[in-house]
Amino acid sequence: MRFTPEELEAARDRVVPDVVTSGLRVLLCGINPGLMTAATGHHFARPGNRFWPVLHAAGFTPRQLRPAEQDELLDHGLGITNVVARPTARADELTAEEYREGGRLLAEKVARLRPRWLAVAGVTAYRVAFDDKHAAIGPQERTLGTTRIWALPNPSGLNAHWTLETMAEEYGRLRTAAFSES
């Protein structure tokens, strides 16, 4: 699906609904919706984003899902939300205050949904949202109630120092942790 620049700009006012239910194994959390995501209503919809290929390569899904098939994640114990709900062309358009408020709202969402793991796809977003300047990729010491947290590499095509293969390895570590628990 192709959108004109005007159609993408008009998507800045749209809300992209979460794909969630209570008791998920992993609640995957993007930074914020991009304009393509807002225009389509489907998470990680930009063609260059590696989220869907990485999820499949890491073993979370039996085949590579398309963004329009996002609701199928629920069948696999997965959900999707964002740190910040406001759509932007680039994450650097967000303010530190938006990240902190997003972290507060995300903690409330996690308390309500109680996933086993919250996986934030973007360690910098995690650091700002949860005021954890020294966080690194991987499992975090902090928990939100009984929910453990994992900081994942951002699957954006702009995050070029992580390849599809190295991202799939890290996402696979999370999958192993999340699905080996009883």
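Reader: Before we start, what does contact mean here?
Author: Contact means heavy atoms within 4.5 Å. Please note also that this is a predicted model.

Reader: Understood. Which elements do the buried residues of α6 pack against?
Author: They pack against the strands β1 (26–30), β3 (117–121), β4 (138–144) and β5 (147–152), and against the helix α3 (51–57).

Reader: And which residues of α6 are the buried ones?
Author: The buried residues of α6 are M167, A168, E170, Y171, G172, L174 and A178.

Reader: What should the 17 residues of helix α6 span, and how far apart are its end C-alpha atoms?
Author: Helix α6 covers residues 164–180, and at 1.5 Å a residue it should span 24 Å. Its end C-alpha atoms are 23 Å apart, which agrees with that expectation.

Reader: Turning to the aromatics, how many aromatic pairs are there?
Author: The structure holds 5 aromatic pairs. In one of them, the ring centres of F51 and W52 are 4.9 Å apart and the planes stand at 85°, so this pair is edge-to-face.

Reader: Are F51 and W52 buried or exposed?
Author: F51 counts as buried because its relative accessibility is 1%. W52 is buried as well, with a relative accessible area of 3%.

Reader: Which residues do ring pairs link into a cluster?
Author: The cluster consists of F44, F51 and W52.

Reader: Now the charges. How many salt bridges are there?
Author: The count comes to 12 salt bridges. One of them joins the side chains of D18 and K109, at 2.6 Å from N to O. D18 lies in the loop between α1 (5–10) and β1, while K109 is in helix α4 (residues 96–113), so the pair ties together parts that are 91 residues apart in sequence.

Reader: How accessible are D18 and K109?
Author: D18 has 31% relative accessibility and therefore counts as partly exposed. K109 has a relative accessible area of 15%, and because the cut-off for buried is under 20%, K109 is buried.

Reader: What does R63 form a salt bridge with?
Author: The partner of R63 is E69, and their closest N and O atoms are 2.9 Å apart. R63 is partly exposed, with a relative accessible area of 35%, whereas E69 is buried at 11%.

Reader: Which residues are linked with them in a network?
Author: Salt bridges link R63, R66, E69 and E72 in a network.

Reader: Lastly, how far apart are the closest N and O atoms of D131 and K133?
Author: Those atoms are 3.3 Å apart, and D131 and K133 form a salt bridge. Both D131 and K133 are exposed.

Note on methods:
Residues are numbered from 1 along each chain as its sequence is written. This is a predicted model: local features need pLDDT of at least 70, side-chain atom pairs count only at pLDDT 80 or more; totals for chains, interfaces and linings use all residues. Side-chain values use heavy atoms; hydrogens and water are left out. Rings of Phe, Tyr and Trp (its six-membered ring) pair if their centres lie within 6.5 Å; planes under 30 degrees apart count as stacked, over 60 as edge-to-face and the rest as tilted. Buried means under 20% relative accessible area, exposed over 50%, partly exposed in between (1.4 Å probe, protein chains only). Helices (H or I, at least four residues) and strands (E, at least two) are DSSP runs, numbered from the N terminus. The expected span of a helix is 1.5 Å times one less than its number of residues. A salt bridge is a side-chain nitrogen of Lys or Arg within 4 Å of a carboxyl oxygen of Asp or Glu.
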